[in-house]
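I set them down in the order in which I checked them.

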Amino acid sequence: MTVKGIAGMLLIFSISGWTNEDKYSDKILDYCNTFRQIQTDIRDCVITPDSAKMAFQAVVRDIRSEFNRDSCQAIDSSYFVYPISDYLPRESIGGRGKGYREKGFDLFDMKVRGSHPAHDLFIHDRDQDNLDDRTWRPIDVLAFTSGVVIAAETNWKYDSELRGGNWIWIYDPCMDALIYYAHNNIVEVQPGQWVNAGDKIAEMGRSGFNAFQKRSPTHLHMMFLQLNSDALPEPVNTYDWLMKSKIKE
Ligand SMILES: [Zn+2]
């Protein structure tokens with residue numbers, strides 16, 4: 001066998017190590033519905049922050065229980081894929097990473113604002129038509145890490161006041177984290193679906209109340225929430241991981 005053939009086999013082998021598809025049951029769909037309902041209730045202010053927090057902890061524990069983390073491999077920077085195809089982190093991460101502000105973050109209280117525990121990743125789209133100015137083609141949003149899609153909004157309308165637009169939440173069982181991708185044009189995944197790091201999950205867009213405004217350059221908003229031992233979310237600054245992540249063309 002040629003060296004290339006062996007390398008190919010190794011590649012397939014290592015990818016199969018990450019395909020956890022068989023490792024969770026249909027119950028995941030119920031948990032996905034619950035997760036989404038909690039987010040909707042928080043957004044609509046029909047649940048108190050304390051109740052939202054307790055409901056969130058319960059559903060996170062349910063989701064966790066579906067995965068056997070023993071099968072996780074050691075994670076280093078080669079695990080991450082830069083979430084925009086054909087772009088380099090240094091040309092695309094907003095403000096050289098200075099856009100990340102976690103102070104005051106509260107996932108459970110819509111009244112608390114001002115934090116931005118996320119990075120905005122920009123593309124060349126001066127005419128704001130969701131197409132790359134260099135290729136006139138849509139730009140793929142890729143999964144930064146592997147995981148199961150927990151919730152996805154596909155129905156944002158340009159006259160909506162909702163801010164995230166067409167968003168996606170993915171749970172990565174190996175990192176025990178939730179990753180949120182917002183402002184997509186077209187979402188191409190659905191709840192319960194497994195995605196590997198680097199898989200296409202959406203096409204980039206300008207959905208969301210603020211992202212749709214003329215003043216806002218086209219970007220992907222990506223937030224990484226580490227889940228702590230109480231099953232509560234803690235934002236992580238992923239700047240270094242993004243800078244070292246693999247580039248997919
Ligand atoms: Zn943002």
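I began with strand pairing (two strands pair if DSSP finds at least two bridges between them) and found that β3, residues 147-152, pairs with β4 in the antiparallel sense over four bridges. Strands here are DSSP runs of E of at least two residues, and helices are runs of H or I of at least four, numbered from the N terminus. In this pair I noted that Val 148 stands opposite Tyr 171 of β4.

The model is predicted, so I kept in mind that local features need pLDDT of at least 70 and side-chain atom pairs count only at pLDDT 80 or more, while totals for chains, interfaces and linings use all residues. Residues are numbered from 1 along each chain as its sequence is written, and side-chain values use heavy atoms, with hydrogens and water left out.

I next followed β4 to β5 (residues 177-187), to which six bridges join it in an antiparallel arrangement, with Asp 172 opposite Ala 177. Four residues lie between the two strands of this hairpin, and Asp 176 there takes a positive phi near 50°.

I then looked up burial, where buried means under 20% relative accessible area, exposed over 50% and partly exposed in between, with a 1.4 Å probe and protein chains only. In β4 (residues 166-172), seven of seven residues are buried: Asn 166, Ile 168, Ile 170 and Asp 172 on one side, and Trp 167, Trp 169 and Tyr 171 on the other.

Just after α2, I found Cys 45 with a positive phi of about 55°.

Last, I asked which residues lie nearest the centre of the largest pocket. They are Met 110, Arg 163, Gly 164, Tyr 180 and His 221, among 41 lining residues. A pocket is an open set of points on a 1 Å grid over the protein atoms alone, where a 1.4 Å probe fits, with protein on both sides within 12 Å along at least five of seven lines; lining residues have an atom within 4 Å of a point. I recorded that α2 gives the most to this lining, with five residues.
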